[in-house]
Amino acid sequence: LCDVSAPPYGLQNGTNATALLQQAIDSCGDLPGGGTVLLPAGLVLYSGSLWLRSNLTLRVEAGAALVGSRDAAEYPTVYTRSGGMMYEAHASLLNGARCSRMATPPSTTGGDDCLAWGKLENVVIEGAGRIDGNINRTDPLSPHFGHPLEKLPTLLGLLWIDGLTLRDVTIRRPAFWTVHVCFCNNVRITGINVLSTMGGMDAVDIDSTWNAYVASSVLSSGD
């Protein structure tokens, strides 16, 4: 158990927590018996892009929140799938697999040019807390992410995960798509509450994915 409010992390409300949250994920992820990164009740943390690991539970308890940083530099440009296409775009707040080796030269077919994805398995994102992108499309932050819309960071960019569970969390204020499940297998999404009201802010996108179950959720979307 990696409780990020306790040593060696010791995170407090309002902290920009990107580095220490990633450290907790790296410490509690990829363990044969599984591990949990815990944001306990009442803790509100700000973060840029984070990369999840296998055999990991990220638990955001009631009254806790993971809030996206408002610094565009904290969302690095990566090779990903966004808007139904494969290209370079800003990383999500929470990310699944990351590409470690690209084809050279790239293909001419518009397909996946990544030769080595760091694929994940057995990932759980849960809790009665809140995941908040902290981005309003009309505010001055958006131009820093560039254009077109598809270059903006999705909130949960969950690529290449076999065994993904998303349950009970409240999800708000994405820059682009809210929950993007892509190239995944054995997906279960239940009890989530999504509000994403502007155009292009899809609630849940199940993309090139097998065996997905979505139920008992409240999804309100502008697209």
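A: Cys 2 and Cys 28 are joined by a disulfide, with an S to S distance of 2.3 Å; the term here covers a pair of cysteine sulfur atoms within 2.5 Å. The link of Cys 2 and Cys 28 is right-handed, with 95° about the S-S bond. Cys 2 sits in strand β1 (residues 2-3) and Cys 28 in helix α1 (residues 18-28), so the bond ties together parts that are 26 residues apart in sequence. Helices (H or I, at least four residues) and strands (E, at least two) are DSSP runs, numbered from the N terminus. Both Cys 2 and Cys 28 are buried, where buried means under 20% relative accessible area, exposed over 50% and partly exposed in between (1.4 Å probe, protein chains only).

Before going on, a word on the source: this is a predicted model, in which local features need pLDDT of at least 70, side-chain atom pairs count only at pLDDT 80 or more, and totals for chains, interfaces and linings use all residues. Residues are numbered from 1 along each chain as its sequence is written, and side-chain values use heavy atoms, with hydrogens and water left out.

A search of the whole structure turns up two disulfides. The other pair is Cys 99 and Cys 114, with sulfur atoms 2.3 Å apart. The torsion about the S-S bond of Cys 99 and Cys 114 is about 105°, so this disulfide is right-handed too. Cys 99 is in strand β10 (residues 99-102) and Cys 114 in strand β11 (residues 114-117), 15 residues apart, and the pair links distant parts of the chain. Cys 99 is buried at a relative accessible area of 18%, and Cys 114 is buried at 9%. Counting bonded cysteines along the chain, the disulfides follow the pattern 1-2, 3-4.

Then there's Cys 182, which is in no disulfide; its nearest cysteine sulfur belongs to Cys 184, 7.0 Å away. Seen from Cys 184, the closest cysteine sulfur is that of Cys 182, and 7.0 Å is too far for a bond. Cys 182 counts as buried, at 0% relative accessibility, and Cys 184 is also buried at 0%.

Cys 182 also turns up beside Asp 207: leaving aside neighbours within four places in sequence, Asp 207 is in contact (heavy atoms within 4.5 Å) with Arg 81, His 180, Val 181, Cys 182 and Phe 183. Asp 207 belongs to strand β20 and is buried, with a relative accessible area of 11%.
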